Amino acid sequence: MMISTDFGVHINPQFVAAMEWVTGPTPKPSGYKALRVTMCTGAVFHIEAAPTNFGADQIEVAILKAHAGGVQ
């Protein structure tokens, strides 16, 4: 099962080595929030979640379900 991002990257959950939420400063007071997905190959994807949403929350849930053996 492949998970497609809004920016055209396809992620195979079987090859996800780590996930973490990262935050940082932006010109807006709210800053930004992104899901950092590290693949077994060493590739790293940052999927922005705020201030705009590119589906990071849904991608995290889909990866966690795949690792738990669930079906999306």
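Colleague: Is glutamate 20 buried, partly exposed or exposed, and what is its relative accessibility?

Modeller: Glutamate 20 counts as partly exposed, because its relative accessibility is 40%, where buried means under 20% relative accessible area, exposed over 50%, and partly exposed in between, with a 1.4 Å probe and protein chains only. This is a predicted model, in which local features need pLDDT of at least 70 and side-chain atom pairs count only at pLDDT 80 or more, while totals for chains, interfaces and linings use all residues. Residues are numbered from 1 along each chain as its sequence is written, and side-chain values use heavy atoms, with hydrogens and water left out.

Colleague: Which residue does glutamate 20 form a salt bridge with?

Modeller: Its partner is arginine 36, and the closest N and O atoms of the pair are 2.8 Å apart; a salt bridge here is a side-chain nitrogen of Lys or Arg within 4 Å of a carboxyl oxygen of Asp or Glu. The pair links distant parts of the chain, with glutamate 20 in strand S3 and arginine 36 in strand S4, 16 residues apart. Arginine 36 is partly exposed, with a relative accessible area of 27%.

Colleague: How many salt bridges are there by this rule?

Modeller: The count comes to 1 salt bridge.

Colleague: Stepping back, what pattern does the chain follow along the sequence?

Modeller: The order is β-β-β-β-β-α, from 1 helix and 5 strands, these being DSSP runs numbered from the N terminus, with at least four residues (H or I) for a helix and at least two (E) for a strand. Of the 72 residues of the chain, 29% count as buried.

Colleague: And which residues make up the largest nonpolar core?

Modeller: That core has 12 residues, namely Ile3, Val9, Ile11, Val16, Leu35, Val37, Met39, Ile47, Ala56, Ile59, Ala62 and Ile63; such a core is a set of buried Ala, Val, Leu, Ile, Met, Phe, Trp, Tyr and Cys residues joined through side-chain atoms within 4.5 Å. Strand S4 (32-39) and helix H1 (56-68) each supply at least two residues of this core, and H1 gives the most, with 4 residues. In soluble globular proteins, nonpolar side chains tend to be buried together.

Colleague: Where do the buried residues of H1 fall when seen down its axis?

Modeller: The buried residues of H1 are Ala56, Ile59, Ala62 and Ile63. They fall within an arc of 125 degrees seen down the axis of H1, so they line one face of the helix, the arc being that of the directions from the helix axis to the C-beta atoms. The face turned away from the buried side of H1 carries the exposed residues Gln58 and Ala68, and H1 is followed by glycine 69, whose phi is positive, near 90 degrees.

Colleague: Last one: which residues does valine 44 touch?

Modeller: Valine 44, which is found in strand S5 (residues 44-50), touches Arg36, Val37 and Thr38, not counting residues up to four places away in sequence. Valine 44 is partly exposed, with a relative accessible area of 42%.

Terms used:
Contact means heavy atoms within 4.5 Å.
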